[in-house]
Amino acid sequence: QVQLVESGGGLVQPGGSLRLSCVASGSIFSINVMGWYRQAPGKERELVATISSGGRSNYADSVKGRFTISRDNAKNTVYLQMASLKPEDTAVYYCNADVSGWTSAIPSNYWGQGTQVTVSS
(Lines give C-alpha, C1' and ligand atoms only; values in the text may rest on other atoms or scores of the structure.)
Protein backbone atom coordinates (compact mmCIF):
# COMPACT_ATOMS: atom_id res chain seq x y z
CA GLN A 1 0.00 0.00 0.00
CA VAL A 2 1.10 3.55 -0.74
CA GLN A 3 0.35 6.72 1.15
CA LEU A 4 0.61 10.29 -0.11
CA VAL A 5 0.84 13.08 2.44
CA GLU A 6 0.59 16.73 1.45
CA SER A 7 1.80 19.69 3.44
CA GLY A 8 2.45 23.39 3.02
CA GLY A 9 -1.03 24.77 2.60
CA GLY A 10 -2.26 27.80 4.45
CA LEU A 11 -3.55 31.33 4.23
CA VAL A 12 -1.77 33.78 1.97
CA GLN A 13 -2.57 37.23 0.60
CA PRO A 14 -3.09 37.83 -3.11
CA GLY A 15 0.25 38.06 -4.85
CA GLY A 16 1.90 35.87 -2.27
CA SER A 17 3.60 32.51 -2.58
CA LEU A 18 3.33 29.05 -1.09
CA ARG A 19 5.13 25.79 -1.65
CA LEU A 20 3.26 22.53 -1.34
CA SER A 21 4.97 19.21 -0.74
CA CYS A 22 3.76 15.67 -1.15
CA VAL A 23 5.67 12.66 0.10
CA ALA A 24 4.89 9.15 -1.08
CA SER A 25 5.66 6.21 1.18
CA GLY A 26 4.96 2.51 1.34
CA SER A 27 5.59 -0.32 -1.09
CA ILE A 28 7.11 1.61 -3.97
CA PHE A 29 9.23 0.30 -6.78
CA SER A 30 8.95 3.42 -8.86
CA ILE A 31 6.69 6.41 -9.27
CA ASN A 32 5.66 7.38 -12.75
CA VAL A 33 3.59 10.53 -13.20
CA MET A 34 2.95 12.69 -10.16
CA GLY A 35 0.61 15.62 -10.12
CA TRP A 36 -1.36 18.21 -8.28
CA TYR A 37 -5.10 18.73 -8.53
CA ARG A 38 -7.37 21.15 -6.77
CA GLN A 39 -11.01 21.41 -5.87
CA ALA A 40 -12.83 24.57 -4.89
CA PRO A 41 -16.20 24.47 -3.10
CA GLY A 42 -18.98 23.61 -5.51
CA LYS A 43 -16.58 22.81 -8.33
CA GLU A 44 -15.14 19.67 -9.81
CA ARG A 45 -11.60 18.61 -9.09
CA GLU A 46 -9.30 19.95 -11.77
CA LEU A 47 -5.77 19.30 -12.93
CA VAL A 48 -3.19 21.85 -11.83
CA ALA A 49 0.09 20.32 -12.97
CA THR A 50 1.75 16.99 -13.66
CA ILE A 51 5.34 15.87 -13.89
CA SER A 52 6.74 12.66 -15.32
CA SER A 53 9.51 10.59 -13.80
CA GLY A 54 11.86 12.18 -16.31
CA GLY A 55 10.86 15.70 -15.33
CA ARG A 56 8.51 16.59 -18.15
CA SER A 57 5.76 18.84 -16.83
CA ASN A 58 2.49 20.31 -17.96
CA TYR A 59 0.17 22.87 -16.44
CA ALA A 60 -3.37 24.06 -16.53
CA ASP A 61 -3.67 27.28 -18.49
CA SER A 62 -4.91 29.07 -15.38
CA VAL A 63 -1.63 28.53 -13.53
CA LYS A 64 0.89 28.65 -16.36
CA GLY A 65 3.69 31.07 -15.61
CA ARG A 66 2.81 31.25 -11.92
CA PHE A 67 3.16 27.70 -10.62
CA THR A 68 6.11 25.34 -10.92
CA ILE A 69 5.96 21.61 -10.33
CA SER A 70 9.09 19.69 -9.45
CA ARG A 71 10.06 16.38 -7.91
CA ASP A 72 12.82 14.70 -5.98
CA ASN A 73 12.83 11.07 -7.02
CA ALA A 74 15.24 10.07 -4.27
CA LYS A 75 12.77 11.36 -1.69
CA ASN A 76 9.59 10.24 -3.49
CA THR A 77 8.44 13.81 -3.20
CA VAL A 78 6.67 16.21 -5.52
CA TYR A 79 6.46 19.95 -4.97
CA LEU A 80 4.25 22.73 -6.22
CA GLN A 81 5.72 26.20 -5.98
CA MET A 82 2.89 28.69 -6.25
CA ALA A 83 3.57 32.35 -6.91
CA SER A 84 1.45 35.39 -7.72
CA LEU A 85 -1.45 33.71 -6.00
CA LYS A 86 -4.97 34.86 -6.76
CA PRO A 87 -8.20 34.43 -4.82
CA GLU A 88 -9.31 32.09 -7.61
CA ASP A 89 -6.53 29.72 -6.55
CA THR A 90 -8.32 29.05 -3.27
CA ALA A 91 -9.03 25.33 -3.09
CA VAL A 92 -8.08 22.08 -1.50
CA TYR A 93 -4.98 20.86 -3.29
CA TYR A 94 -4.52 17.13 -3.75
CA CYS A 95 -1.43 15.15 -4.62
CA ASN A 96 -1.75 12.30 -7.08
CA ALA A 97 0.71 9.62 -8.16
CA ASP A 98 0.91 6.58 -10.39
CA VAL A 99 2.99 4.07 -8.45
CA SER A 100 4.48 0.78 -9.58
CA GLY A 101 4.90 -1.80 -6.86
CA TRP A 102 7.43 -4.59 -6.59
CA THR A 103 5.13 -7.32 -7.95
CA SER A 104 3.44 -5.64 -10.90
CA ALA A 105 4.43 -3.39 -13.76
CA ILE A 106 0.94 -1.96 -13.89
CA PRO A 107 0.84 1.24 -11.85
CA SER A 108 -1.81 2.01 -9.29
CA ASN A 109 -3.16 5.49 -8.75
CA TYR A 110 -3.16 7.13 -5.33
CA TRP A 111 -4.49 10.34 -3.85
CA GLY A 112 -3.37 12.34 -0.86
CA GLN A 113 -5.72 13.71 1.75
CA GLY A 114 -5.50 17.26 0.49
CA THR A 115 -4.20 20.51 1.90
CA GLN A 116 -6.15 23.76 2.05
CA VAL A 117 -4.85 26.81 0.23
CA THR A 118 -6.69 30.05 0.90
CA VAL A 119 -5.80 33.25 -0.93
CA SER A 120 -7.49 36.21 0.67
CA SER A 121 -6.79 39.71 1.90
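Modeller: Helices (H or I, at least four residues) and strands (E, at least two) are DSSP runs, numbered from the N terminus. This is a predicted model, in which local features need pLDDT of at least 70 and side-chain atom pairs count only at pLDDT 80 or more, while totals for chains, interfaces and linings use all residues. Residues are numbered from 1 along each chain as its sequence is written, and side-chain values use heavy atoms, with hydrogens and water left out.

Colleague: Thanks! How many helices and strands does the protein have?

Modeller: There are 0 helices and 11 strands. Read from the N terminus, the elements go β-β-β-β-β-β-β-β-β-β-β.

Colleague: And what is the radius of gyration of the protein?

Modeller: The value is 14 Å, close to the 14 Å from the globule rule for 121 residues, so the protein is as compact as a globular protein of that length. That radius is taken over C-alpha atoms, and the rule is 2.2 Å times the number of residues to the power 0.38. Along the principal axes, the C-alpha trace spans about 50 × 25 × 25 Å.

Colleague: What share of the 121 residues is buried?

Modeller: Buried residues are 40% of the 121. Here buried means under 20% relative accessible area, exposed over 50%, and partly exposed in between (1.4 Å probe, protein chains only). As for contacts (heavy atoms within 4.5 Å), 56% of those with a separation of 6 or more involve residues 24 or more positions apart.

Colleague: How far apart are the mean positions of the positive and negative charges?

Modeller: They are 5 Å apart, with 10 positive and 8 negative charges in the protein. Lys and Arg count as positive and Asp and Glu as negative, while His and the chain ends are not counted. Each charge is placed at NZ of Lys, CZ of Arg, CG of Asp or CD of Glu.

Colleague: Changing topic: how many disulfides does the count come to?

Modeller: The count is 1 disulfide, where a disulfide is a pair of cysteine sulfur atoms within 2.5 Å. Cys22 is joined to Cys95, with an S to S distance of 2.1 Å. The link of Cys22 and Cys95 is left-handed, at -80° about the S-S bond.

Colleague: Where in the chain do Cys22 and Cys95 sit?

Modeller: Cys22 is in strand 3 (residues 18-26) and Cys95 in strand 9; they are 73 residues apart, so the pair links distant parts of the chain. Cys22 is buried at 0% relative accessible area, and Cys95 is buried at 0% too.

Colleague: What about Asn96: buried or exposed?

Modeller: Asn96 is buried, at 7% relative accessible area, and sits in strand 9. Setting aside residues up to four places away in sequence, Asn96 touches Leu4, Val33, Met34, Gly35, Tyr37, Asn109, Tyr110 and Trp111.

Colleague: And which residues is Ser21 in contact with?

Modeller: Beyond its neighbours within four places in sequence, Ser21 contacts Val5, Glu6, Ser7, Trp36, Val78 and Tyr79. Ser21 lies in strand 3 and is buried, with 16% relative accessible area.

Colleague: Now the loops. What is the phi of Asn76?

Modeller: Phi of Asn76 is near 50°, a positive value in a residue other than glycine. Most residues other than glycine have a negative phi. Asn76 belongs to the loop between strand 7 (67-72) and strand 8 (77-82), and is partly exposed at 24% relative accessible area. Asn73 is also placed in the loop between strand 7 and strand 8, partly exposed at 44%.

Colleague: Where is Ser84 found?

Modeller: Ser84 is in the loop between strand 8 and strand 9 (91-100). Its phi is near 50°, again a positive value in a residue other than glycine. Ser84 counts as partly exposed, with 41% relative accessibility.

Colleague: Last one: is Gly42 buried or exposed?

Modeller: Gly42 counts as exposed, at 88% relative accessibility. Gly42 lies in the loop between strand 4 (30-39) and strand 5 (46-51). From Gly42 to Arg66 there are 24 residues in sequence and 24 Å in space, C-alpha to C-alpha.
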